[in-house]
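Q: Can you walk me through this structure? I have not looked at it before.

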Amino acid sequence: MQNSLNTRSMIFTLYGDYIRHYGSEIWIGSLIRLLEEFGHNEQAVRAAISRMNKQGWIAARKQGNKSYYYLTDRGKKRIEEAAKRIFKVQQEPWNGEWLMFTYTIPEDKRSIRDELRKELVWSGFGLLANSFWISPNQADEQIKLMIDKYAIEDYVHSFTAVYNGPNENEKLVSECWDLNDINEKYNSFIVAYSQKYVIDKNKIEKGEMTDGECFVERTKLVHEYRKFLFIDPGLPQELLPSEWLGDHAASLFSDYYRALAGPASRFFESIYSDGNELTKNSKYDVLNHPLIQENR
C-alpha cells in the first residue's frame with residue numbers, strides 16, 4: 001500500500017510539472033515508462049492511476065487498444081493552485097484582514113468533516129479553536145470550492161475580520177502554526193539540496209549528466225519541495241519571523257530547477273512522443289517559467 005501511495009504521489013508530480021503542459025493527457029504506456037526511472041513497476045502504476053481515477057483527479061479514454069488518462073477539471077484546478085504556491089508567485093502586501101471559516105457539521109456527516117479539515121490545512125488555514133479556522137490570505141475561491149464540493153452551505157459560515165487584540169497578530173499565528181518547526185524543515189531542505197545543486201550544475205556544464213538523470217533529479221526536487229504545500233500556510237511577509245528560511249529555500253529550488261529543466265524536458269519529450277501526440281502549450285517555456293519569482 002505504501003509503495004502505491006508513493007507511486008500515486010509521484011504521478012501527481014509528473015502531471016503538475018510536465019503532463020499539464022502537453023495537453024494534460026498521457027498514454028498509460030508512457031507513464032509506466034517514465035515511472036520506471038524511479039523504480040516503480042507497472043503494477044504499482046496501474047493501481048495508483050486507478051485510484052486517482054476513482055477519486056476524480058483524472059479520467060480515462062480509449063483510443064484503439066490504448067488507454068489515455070487526462071486531468072479532470074477538478075484535477076486541473078488543484079494542480080494549478082499547487083503550481084502557484086510551489087513556484088512562489090509574488091504575494092500582495094497583507095491588508096491586515098483575516099478570513100475566518102467555521103462549521104457545525106452533523107455527526108452523520110463525520111467523514112465530510114475529516115476531509116474538510118485536510119482541505120483547509122492544504123489551503124493554508126490554521127485551526128484557532130474547535131471548528132474555527134483562519135487565514136490571512138485571500139482564499140475565498142478555495143472556500144467556495146469546498147462548500148460546493150461537499151454541499152455544506154447549510155453548516156458553515158465565512159467572514160473577514162480585523163484582529164483587535166488584546167494581543168498582536170503574531171499571537172494568532174503562534175496559536176495556529178508552528179513556524180519554528182516549519183523553519184527547521186526548510187533548513188533540512190536547504191542543507192540537503194545546496195550541495196546537490198552545486199555538484200549537478202557543475203556536471204551539467206561539463207556534459208557529465210544525462211538527460212534521463214536530469215529528469216529524475218528535477219522530478220525528485222519538485223516532489224520534495226511540493227511537500228511544503230502541506231505544512232507551510234504561505235503567510236504574508238508581515239506575519240513571518242525575521243529569520244524565515246522559506247525564501248532561501250524557494251531561491252535554491254528555483255536555481256536548481258532551472259539548471260535541470262532543459263535536459264529533463266528533452267528526456268520527457270523523448271518518452272512522451274512515443275505513443276502521444278507531442279502538442280506543447282505555446283505559452284510554456286521551461287527555461288523561463290512564468291511562475292518562478294525572479295526577485296525575493
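A: What follows covers the ground rules, a sheet, a hairpin and a pair of helices.

Q: What kind of model is it?
A: This is a predicted model, where local features need pLDDT of at least 70, side-chain atom pairs count only at pLDDT 80 or more, and totals for chains, interfaces and linings use all residues. Residues are numbered from 1 along each chain as its sequence is written, and side-chain values use heavy atoms, with hydrogens and water left out.

Q: In what order do the four strands of the open sheet come?
A: The order is E5-E6-E4-E7, with antiparallel pairing. Strands are DSSP runs of E with at least two residues, helices are runs of H or I with at least four, and both are numbered from the N terminus. Two strands pair if DSSP finds at least two bridges between them.

Q: Which are the edge strands?
A: E5 and E7 (156–161), each pairing on one side only.

Q: How many bridges join E4 to E7?
A: Six, with E4 spanning residues 98–103. Phenylalanine 101 stands opposite serine 158 in E7.

Q: Which helices lie across this sheet's strands?
A: Helix H5 (residues 110–122) lies across E4 and E6, at about 170° to E4. Helix H7 (residues 169–176) lies across E4, E5 and E6, at about 105° to E5. Axes are lines fitted to C-alpha atoms, for helices over the stretch in contact, and angles run from 0 to 180 degrees between N-to-C directions.

Q: Serine 131: buried or exposed?
A: Serine 131 counts as buried because its relative accessibility is 16%. Buried means under 20% relative accessible area, exposed over 50%, and partly exposed in between, using a 1.4 Å probe and protein chains only. Serine 131 is in the loop between E5 (126–129) and E6 (132–135).

Q: What does serine 131 contact?
A: Phe101, Thr102 and Tyr103, leaving aside neighbours within four places in sequence. Contact means heavy atoms within 4.5 Å.

Q: New topic. What is in the hairpin of E2 and E3?
A: Two residues lie between the strands, and glycine 64 takes a positive phi near 65°. Six bridges join E2 (residues 58–63) to E3 (residues 66–71), which run antiparallel. Lysine 62 stands opposite serine 67 in E3.

Q: And how do H8 and H9 cross?
A: The axes of H8 (residues 179–205) and H9 (residues 211–225) come within 12 Å and cross at roughly 160°. The two helices are therefore roughly antiparallel, a term for angles over 145 degrees.

Q: Which residues meet there?
A: Among them are Phe189 and Tyr193 in H8, and Cys214 and Leu221 in H9.

How values were computed
Parallel < 35°, antiparallel > 145°, perpendicular 65-115°, else oblique.
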